[in-house]
Amino acid sequence: MDSQTLGLIGGLLGGGVGLLGAMVGTFVSYKHATGPLERAFIIKFAVYISLLILAFVVATLLIPTSHRHLLWLPYGIALSQGLRYGIKTQTQIRQRESGLTASR
């Protein structure tokens, strides 16, 4: 098997494992959500993060090879800040729905 075929197989397997991990993570988060607002947020957030990742993948396919490395910094910042926002917002929604912040 040549290196191009191995690269294609590795890319497809890696993408498949990543997609499966995202689906399992979203399902588990949805299953453990405490209320309807949190469940709705989890679905919306999963869609937004998926679109960000899809945009990154498409951009890496469209941009010439010599400039692809320039995508990693904004992608890393956007992904980490997006996840940070999602965790913070989900925590706030969970507290609001459980009545913890209503007494303050």
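Predicted model: local features only at pLDDT ≥ 70, side-chain atom pairs only at ≥ 80, totals over all residues.
Author: Residues are numbered from 1 along each chain as its sequence is written, and side-chain values use heavy atoms, with hydrogens and water left out.

Reader: What makes the contact of R94 and E38 a salt bridge?
Author: The term requires a side-chain nitrogen of Lys or Arg within 4 Å of a carboxyl oxygen of Asp or Glu; the N to O distance between the side chains of R94 and E38 is 2.7 Å, so the pair qualifies under that limit. R94 belongs to helix α3 (residues 72-98) and E38 to helix α2 (residues 36-62), so the pair, 56 residues apart, links distant parts of the chain; helices here are DSSP runs (H or I, at least four residues), numbered from the N terminus. A search of the whole structure finds one salt bridge.

Reader: Why is E38 called buried?
Author: Buried means under 20% relative accessible area, exposed over 50%, and partly exposed in between, with a 1.4 Å probe and protein chains only; E38 has 0%, and is therefore buried.

Reader: What makes α2 roughly antiparallel to α3?
Author: The two helices pack at an angle of about 175 degrees, with their axes 10 Å apart, where axes are lines fitted to C-alpha atoms over the stretch in contact and angles run from 0 to 180 degrees between N-to-C directions. Angles under 35 degrees count as roughly parallel, over 145 as roughly antiparallel, 65 to 115 as roughly perpendicular and the rest as oblique, so α2 is roughly antiparallel to α3.
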